Amino acid sequence: MPASSTTLSKAELGEQLAQLAQTQGVTQQTLADALGIHRSTISKVFKGQVQKLTHYESIAKQLGTSTQKLSKQLKFEATPQLKGSSNSQASVITVAIQKGGSGKTTTVVNLAALWAREGLKVLVIDLDMQGHCALHLGEQADGAALMNAIRTRSKVDPIKTEFGVDLLAGGAALRSLTPHLLSSISPLTEVKRLVKLYRDDYDLILIDTAPSLETSTCNAIVAADFLLIPVQTETGALEGLATLYEVYEMLSEDHGPIQILASVPTLHDARTVLHDQMLQTLQQHTHLRPTDIVIKRSIPVAEAFTMRQPVSEYAPDSSAAESFEDLCHELTQRLLAHGALQTADTTMTQALQEVAQ
Ligand SMILES: Nc1ncnc2c1ncn2[C@@H]1O[C@H](COP(=O)(O)OP(=O)(O)OP(=O)(O)O)[C@@H](O)[C@H]1O
Ligand SMILES: [Mg+2]
């Protein structure tokens with residue numbers, strides 16, 4: 001996996017710029033003339049021998065890019081190709097926390113889009129009657145197909161979204177989900193049954209849940225290999241977490257194993273002392289496996305939802321998009337370590353698994 005930092009060394013940056021100039025057929029002299037600097041400076045920049053970053057920036061701009069974009073590009077090129085687990089069955093990640101507006105849907109949609117971009121086959125199942133996953137992924141749905149699939153215990157075709165993610169959408173029809181589950185012979189395992197029908201078709205299945213700990217969310221946890229918990233760094237978040245953890249432990253004992261993949265600090269406002277204190281407390285709860293990456297409250301993330309796109313599409317150069325990319329990489333490392341994903345580079349996969357043991 002690539003380093004989480006996007007900063008390239010001067011030598012790497014120079015090499016990237018030299019390659020780009022060559023591809024575009026732009027000579028050192030042309031660049032020197034356009035920028036009003038000596039040709040030998042261009043040559044030194046290409047070798048990474050110039051200390052001042054402004055020269056790298058202006059050459060990048062002249063070549064229609066930026067040093068930040070080049071860093072990102074290299075970061076993704078450095079990612080060894082990801083593959084599903086060795087048993088060709090999708091790993092299932094349920095994203096849950098009972099507190100409303102914690103960033104569950106945002107986390108599901110943005111991660112799903114990034115994993116799909118990395119070449120994985122990804123299915124999102126939205127168990128929330130608000131149907132926000134469909135909205136966020138630019139689709140319209142009422143949840144009827146998903147409700148029908150659960151009711152009849154049969155497969156329906158997911159929606160193919162324009163972001164490479166397949167979707168079993170939630171929506172108003174899921175109003176009858178809880179009554180249906182409660183009246184079924186196995187009230188906690190109906191979603192697990194459904195998920196089983198799709199495991200062969202995907203590398204990753206992400207389940208979004210409603211803001212509650214009722215039966216549908218318990219079903220989603222029982223169906224999961226991994227639990228992912230977005231935690232808004234606010235007062236009261238930890239009490240909610242304690243209850244969720246109790247429920248998780250009980251369900252994992254009876255239906256597991258289910259691993260905690262991570263808790264992700266979300267909607268963080270570093271300017272608020274309270275948020276920082278909450279973040280520090282969360283980071284001490286190692287059993288919840290808090291991520292290093294903190295998702296800050298930011299305008300592009302909120303706007304991306306309104307514009308019905310993942311933030312990586314809506315504002316690819318924003319630091320919000322970069323945070324989700326970094327989160328995706330951190331979680332990918334963990335999934336590799338669990339054997340839930342593999343890379344073409346088997347040595348790396350093995351090394352990560354050894355570290356995890
Ligand atoms: N990092 C962020 N910065 C700014 N706005 C955000 C961020 N994360 C989420 N939001 C916004 O906050 C609102 C709640 O987020 P989201 O819908 O992901 O939470 P949720 O936990 O799924 O909510 P619910 O419990 O209602 O399903 C949305 O309007 C979303 O666009
Ligand atoms: Mg939601």
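**Terms and the values behind them**

Modeller: Please do. Let us begin with Thr94, which, apart from neighbours within four places in sequence, is in contact with Ile207, Thr209, Ala220, Ile221, Ala224, Phe226, Leu227 and Leu228. Bear in mind that this is a predicted model.

Colleague: Why is Thr94 called buried?

Modeller: The relative accessible area of Thr94 is 0%. Buried means under 20%, so Thr94 is called buried. Thr94 belongs to strand β2, residues 91-95.

Colleague: How far apart are Thr94 and Leu227 in sequence and in space?

Modeller: In sequence they are 133 residues apart, while their C-alpha atoms are 5.0 Å apart in space.

Colleague: How is the protein divided into domains?

Modeller: Domain 1 covers 10-77 and domain 2 covers 82-356. The C-alpha centres of the two domains lie 40 Å apart.

Colleague: What makes Ile59 a buried residue?

Modeller: Its relative accessible area is 0%. That value is under the 20% limit, and therefore Ile59 counts as buried. Ile59 is found in helix α4, residues 53-62. Beyond neighbours within four places in sequence, Ile59 is in contact with Leu17, Leu31, Leu35, Ile42, Val45 and Phe46. By contrast, 45 Å separates the C-alpha atoms of Ile59 and Val92, which are 33 residues apart along the chain.

Colleague: Why is α1 called roughly parallel to α4?

Modeller: The axes of α4 and α1 (residues 10-24) cross at roughly 20 degrees and come within 11 Å. Angles under 35 degrees count as roughly parallel, so α1 is roughly parallel to α4. Their crossing is left-handed. Helix α1 contributes Lys10, Leu13, Gly14 and Leu17 to the contact, and α4 contributes Leu53, Tyr56, Ile59 and Ala60. By class, these are 6 nonpolar, 1 polar and 1 charged residues.

Colleague: At what angle do helices α2 and α3 pack?

Modeller: Helix α2 (residues 28-35) packs against helix α3 (residues 39-46) at about 115 degrees, and their axes are 8 Å apart. The crossing is right-handed. On the α2 side the contact involves Gln28, Gln29, Leu31, Ala32 and Leu35, and on the α3 side Arg39, Ile42, Ser43 and Phe46. The contact of α2 with α3 has 5 nonpolar, 3 polar and 1 charged residues.

Colleague: Why is Arg153 called partly exposed?

Modeller: Arg153 has a relative accessible area of 41%. Buried is under 20% and exposed is over 50%, with partly exposed in between; Arg153 is therefore partly exposed. Arg153 lies in the loop between α8 (144-152) and β4 (159-160). Although Arg153 is not a glycine, it has a positive phi of about 50 degrees.

Colleague: What makes Leu267 partly exposed?

Modeller: The relative accessibility of Leu267 is 22%. Since the limit for buried is under 20% and that for exposed is over 50%, Leu267 counts as partly exposed. Leu267 is placed in the loop between β8 and α13 (273-284).

Colleague: Which form, cis or trans, does the peptide bond from Gly256 to Pro257 take?

Modeller: That bond is cis, with omega near 10 degrees. Most peptide bonds are trans. Pro257 itself is in the loop between α12 (237-255) and β8 (259-266).

Note on methods:
Residues numbered from 1 in each chain as written. Chains lettered and ligands numbered in written order. Predicted model: local features only at pLDDT ≥ 70, side-chain atom pairs only at ≥ 80, totals over all residues. Heavy atoms only, no water. Helix = DSSP H or I, 4+ residues; strand = E, 2+ residues; numbered from the N terminus. Buried < 20%, exposed > 50% of the residue type's maximum accessible area, 1.4 Å probe, protein only. Contact = heavy atoms within 4.5 Å. Domains from an automatic or database assignment. Axes fitted to C-alpha atoms, helices over the stretch in contact; angles between N-to-C directions. Parallel < 35°, antiparallel > 145°, perpendicular 65-115°, else oblique. Left-handed = near helix turned anticlockwise from the far one by under 90°. Nonpolar A, V, L, I, M, F, W, Y, C, P; charged D, E, K, R; others polar.
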